[in-house]
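Q: Could we go through this model together? I would like to start with the strands and then move on to other parts.

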Amino acid sequence: MSQFNPSKILIPVDFSSTSLLAIEHGAFTAQLGKADVYLLHVINSQFNSVNMFLPIVKLADQENFEKEIEVKMNEMASDINKKYGVRVKSIIKTGSPSHIINETAKEINASLIVMGTHGYSPLEELVIGSIAMKVLTKSPCPTMVMSSKANHKGYSNILIPIDSSANSRQKVNYAIGFAKCFSAQLHAVALLNPDEDELIEEMHLILKQIGDLATENGVVYTGEVLKEVKNKANATIKTAERKGSDMVIIMTDQDAELSGLFLGAYSQQIIHLNKVPTIAIKPKDLSGADASILGGTSGGF
């Protein structure tokens, strides 16, 4: 199962407001997790790079573009090092942003990608952060994403939604490790559709197992079962708001992945609507795992 071990944090930077916010979240996570930070700027080969930046980057001409970016990235790296006391390396590459981000994550063996949901091109704003969606689908590691609404105030209340799928439970150890690192409390919510009443007892058992594991790790835990849920994404968002959660941790295929090209509808809705950061974890193949564990009838996660 996935474990929270943020040794190397990759932060894509395009100088948009959400990418600058992602730096704050990523550097804060690196500080408490004793991780190294890698800032990555991708010169998008598909668009006119000069026109896509905010005034924070001013260029004399196209020939000086990469030099100006290098200077700006080094300045940001120095500022992060001074503010958070973490090691920072800046990287500049050219190509398709989503492909380069995931390629770089593999190259450096990143343990976490932290990025905003929008950026790189106004045209792509029409496809709710398509760069972020492509990164999430192909990412070799967990990815933290956020919109401009996700103000950085630290993490003290973590929410994990649980449903009847086996993949849904793969995030439990990761969430407990994350909560322990930030001395946060953990709240698990089991989401059941109107036709899933027969799973109520099983969900209560699973929530108890999560609670036992959280307690073993010194994490304050609460859990609840929500029945008659018609839209699990909306229910997740409303629960996060009701509980005052400042982080939601989900799996990328809560309901489906289509040929590895798109996230499931649940994941897309969460990432689009959530007002706090979301960590999405790509599920591992559990085809050979113990069925009793998947069914929530044993103590393992």
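This is a predicted model: local features need pLDDT of at least 70, side-chain atom pairs count only at pLDDT 80 or more; totals for chains, interfaces and linings use all residues.

Q: Then which residue in β9 is the bridge partner of Leu 159?
A: Val 248 of β9 is the bridge partner of Leu 159. Strand β6 (residues 157-162) and strand β9 (residues 247-251) run parallel and are joined by two bridges.

Q: And how many bridges join β6 to β7?
A: Six bridges join β6 to β7 (residues 185-191), and these strands run parallel. Within β7, Leu 186 is the bridge partner of Ile 158. Together with α5, the strands β6 and β7 make a β-α-β unit that is right-handed.

Q: Are the residues on the faces of β6 buried or exposed?
A: They are buried on both faces: Asn 157, Leu 159 and Pro 161 lie on one side, with Ile 158, Ile 160 and Ile 162 on the other.

Q: Changing topic: where is Glu 224?
A: Glu 224 is in strand β8 (residues 221-226).

Q: Why does Glu 224 count as buried?
A: Glu 224 counts as buried because its relative accessible area is 18%, and the cut-off for buried is under 20%.

Q: Which side chain makes a polar contact with the side chain of Glu 224?
A: The side chain of His 187 does so, at 2.8 Å. Leaving aside residues up to four places away in sequence, Glu 224 touches several residues, including His 187, Leu 207, Thr 239, Arg 242 and Lys 243.

Q: Thr 239 leads me to α7. Which of its residues are buried?
A: In α7, Lys 232, Ala 233, Ala 235, Thr 236, Ile 237, Thr 239 and Ala 240 are buried. The buried residues of this helix pack against β6, β7, β8, β9 and α8 (265-273).

Q: How many residues of α1 are buried?
A: Twelve of the 17 residues of α1 are buried, among them Leu 21, Ile 23, His 25 and Phe 28. These buried residues pack against β1 (8-12), β2 (36-44), α2 (65-84), β4 (112-116), β5 (143-146) and α5 (172-181). From its first C-alpha to its last, α1 (residues 17-33) reaches 24 Å, close to the 24 Å expected. Just after α1, Lys 34 takes a positive phi of about 55 degrees.

Q: Finally, which residues touch the most other members of the largest nonpolar core?
A: Leu 39, Phe 178 and Ile 249 do, out of the 58 residues in that core. Its largest share, seven residues, comes from α2. Apart from this core lies another, of 34 residues, among them Ile 100, Ile 113, Ala 132 and Ala 280.

Q: What does Leu 39 touch?
A: Not counting residues up to four places away in sequence, Leu 39 touches residues including Ile 11, Ile 23, Met 73, Met 76, Ile 80 and Ile 91.

Note on methods:
Residues are numbered from 1 along each chain as its sequence is written. Side-chain values use heavy atoms; hydrogens and water are left out. Helices (H or I, at least four residues) and strands (E, at least two) are DSSP runs, numbered from the N terminus. The expected span of a helix is 1.5 Å times one less than its number of residues. Buried means under 20% relative accessible area, exposed over 50%, partly exposed in between (1.4 Å probe, protein chains only). Contact means heavy atoms within 4.5 Å. Two strands pair if DSSP finds at least two bridges between them. A crossover is right-handed if, with the strands pointing away from the viewer, the path from the first strand over the helix to the second runs clockwise. A polar contact is a pair of N or O atoms within 3.5 Å; within protein, one must be able to donate a hydrogen and the other to accept it, and residues adjacent in sequence count only if both atoms are side-chain atoms. A nonpolar core is a set of buried Ala, Val, Leu, Ile, Met, Phe, Trp, Tyr and Cys residues joined through side-chain atoms within 4.5 Å.
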